[in-house]
Amino acid sequence: MTKIIDQKQNFLKGIIKENPVFVMLLGMCPTLGVTSSALNGLGMGIATLFVLLMSNIVVSLIKTQIPNKVRIPAYIIIIASFVTIVEMVLEAFIPFLYEQLGIFIPLIVVNCLILGRSESFASKNNLLSSIIDALGMGLGFVFALTALGATREILGSGSIFEMKFISEDANTFILFILPPGAFIALAYLSVIFNKISIKKLS
Amino acid sequence: MPKKESTFINMVLTLTIITIIAGFSLGFVDDLTKGPKAKARLERKINALQLVLPKFDNNPVTEKKLIKSDQVKDSIEIYTAFFNNEYVGSAIVSSSNNGFSGLIKIMVGFNPKGEIQNIVVLEQKETPGLGTKMKDEKFIQQFREKDPASFNLKVEKDGGDVDAITGATITSRAFGEATQLASDEFNKNK
C-alpha cells in the first residue's frame with residue numbers, strides 16, 4: 001500500500017486519460033438525461049463533484065473499518081446520505097437549480113462513477129490521493145457534461161447558457177434536445193475527444 | 001491498520017453504526033434546512049401571486065381555500081385578493097397531468113369580471129427548449145384579458161383558440177386544460 005502516486009498525474013487522469021464520460025463511459029444515466037442545456041449539465045456536474053468528493057473522503061477514512069463482504073452496502077449508504085444532503089441544501093438555498101435538476105438529483109446515488117471511485121480508488125488509497133482523485137474525476141465529469149449540454153443547446157435551441165443568439169422563430173435541430181440527440185452528440189463528442197487526446201499523448 | 005475481518009458480528013456492527021451515523025446526520029441537515037426551505041417556497045408563491053393578480057394589500061396566503069377535485073391529484077388552491085377592502089381578483093393554482101413529461105402546475109389570476117389577468121408556471125418537467133416555451137411571453141400573452149367563456153382554451157388543432165407552441169402541442173394542450181380547470185373553479189367559487 002505504499003506505492004507512491006504522482007499527484008499531478010492522479011489529478012489529470014480524471015480529466016483526460018480516464019475521463020469518466022468520454023473515455024470510461026461511466027455515469028451515462030445523468031449524462032444523457034440532464035444535458036439538454038449547458039446550465040443543467042454544469043449544475044448536475046457540480047452536484048456530482050461534491051458527492052464524489054465527500055464519499056471519497058469518508059470511504060478513504062474508514063476503509064479499514066469496513067469488512068470486505070459488506071463494503072458495497074456501506075458505500076451506498078454513505079453516498080445516498082450525501083446525495084440526500086445535497087438535495088435538501090439545494091432546495092433550501094438554490095431553489096432555482098433545484099427546480100431544474102430536481103428529479104435527477106436522486107439519480108446521483110446510482111451514478112456508477114461515484115461507487116466506482118469508492119470501490120476502485122478510495123478504498124485502496126490514502127486521504128490525499130483520494131481527494132485529488134475525486135477532484136480530477138469530478139472536474140472531468142463537470143467538463144464533459146457542460147460540453148455535451150452546450151453542444152445540444154447550441155444545436156437544439158440556438159442558445160448558450162440560456163442566451164439566445166438566433167431569432168425567436170428560427171428553426172433549430174429540435175432532435176438535439178430530445179433524448180436521441182443526447183446519444184448522437186455524446187458519440188461525436190467522444191470521437192473528437194479521443195482523437196485529440198490520443199494525438200496529444202503519443 | 002489491518003482490514004476488519006468479515007465475521008458476522010463485524011458486518012452487523014459496521015452496518016449498524018454507519019446507518020445510525022447517516023440517519024443522525026440526515027436528521028440534522030433536515031432540521032437545518034427546514035426553515036429556509038419553507039421560506040423559499042413561500043417566497044415563490046408570493047412572487048407568483050404578485051405576477052398574476054392586480055395590486056392587492058391583503059395577504060392572500062392566509063386566505064387560501066383548498067378544493068378537492070377528481071381531475072387533479074393535489075387539491076386546487078384559491079387565493080382571493082383585496083385592495084382597500086374591495087375584491088380585485090383571485091389566483092387559482094391548478095394543474096394537469098397530461099404534459100409531455102407529466103405534471104404541469106400553473107397559477108392563473110382572474111379579475112372580478114372573470115378575465116384572465118396573467119398565468120405563471122409553477123412546476124413543470126417539460127423538454128427544455130420545447131415545452132418550456134410555455135413560460136415565454138410569446139405563448140402566455142395570448143391568454144391575457146381573455147374570458148374563457150368566449151375564448152376556447154383548446155389548441156387550434158382541437159378546434160380551440162390557443163395558438164400552440166411549435167413542436168409542443170401536448171404541452172400546449174395540457175396548459176390549456178389546466179387553465180380551463182382553473183376557470184371552472186373560479187366560476188364555481190365566485
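**Architecture of chain B and its interface with chain A**

Read along the sequence, the elements of chain B are arranged in the order α-β-β-β-β-β-α-α, a total of 3 helices and 5 strands. The model is a predicted one. The C-alpha trace of chain B extends over about 80 × 45 × 30 Å along its principal axes. The radius of gyration of chain B is 23 Å, whereas a compact globule of 190 residues would have a value near 16 Å. Of the 190 residues in chain B, 35% are buried. When contacts in chain B between residues at least 6 apart in sequence are considered, 51% join residues at least 24 apart.

Between the two chains, 29 residues of chain A are in contact with 28 residues of chain B. On the side of chain A that touches chain B, α4 (71–93) and α7 (127–157) of chain A each contribute at least two residues. The largest share of this side, 12 residues, is supplied by α4(A). The side of chain A that touches chain B comprises 17 nonpolar, 9 polar and 3 charged residues.

Within chain A, helix α7(A) also packs with helix α3 (residues 38–62): the two axes come within 8 Å and cross at roughly 165 degrees. Because an angle over 145 degrees counts as roughly antiparallel, α3(A) and α7(A) are roughly antiparallel to each other. The crossing in which α3(A) passes α7(A) is right-handed. By class, 20 nonpolar, 10 polar and 2 charged residues make up the contact of α3(A) with α7(A).

How values were computed: Residues are numbered from 1 along each chain as its sequence is written. Chains are lettered from A and ligands numbered from 1 in the order in which they are written. This is a predicted model: local features need pLDDT of at least 70, side-chain atom pairs count only at pLDDT 80 or more; totals for chains, interfaces and linings use all residues. Two residues are in contact if their C-beta atoms, placed from the backbone, lie within 7 Å. Helices (H or I, at least four residues) and strands (E, at least two) are DSSP runs, numbered from the N terminus. Ala, Val, Leu, Ile, Met, Phe, Trp, Tyr, Cys and Pro count as nonpolar, Asp, Glu, Lys and Arg as charged, and the others, Gly among them, as polar. Axes are lines fitted to C-alpha atoms, for helices over the stretch in contact, and angles run from 0 to 180 degrees between N-to-C directions. Angles under 35 degrees count as roughly parallel, over 145 as roughly antiparallel, 65 to 115 as roughly perpendicular and the rest as oblique. A crossing is left-handed if the near helix is turned anticlockwise from the far one by less than a right angle, and right-handed if clockwise. The radius of gyration is taken over C-alpha atoms; the globule rule is 2.2 Å times the number of residues to the power 0.38. A residue is buried if 20 or more other C-beta atoms lie within 10 Å of its own, exposed if 12 or fewer, and partly exposed in between; C-beta atoms are placed from the backbone.
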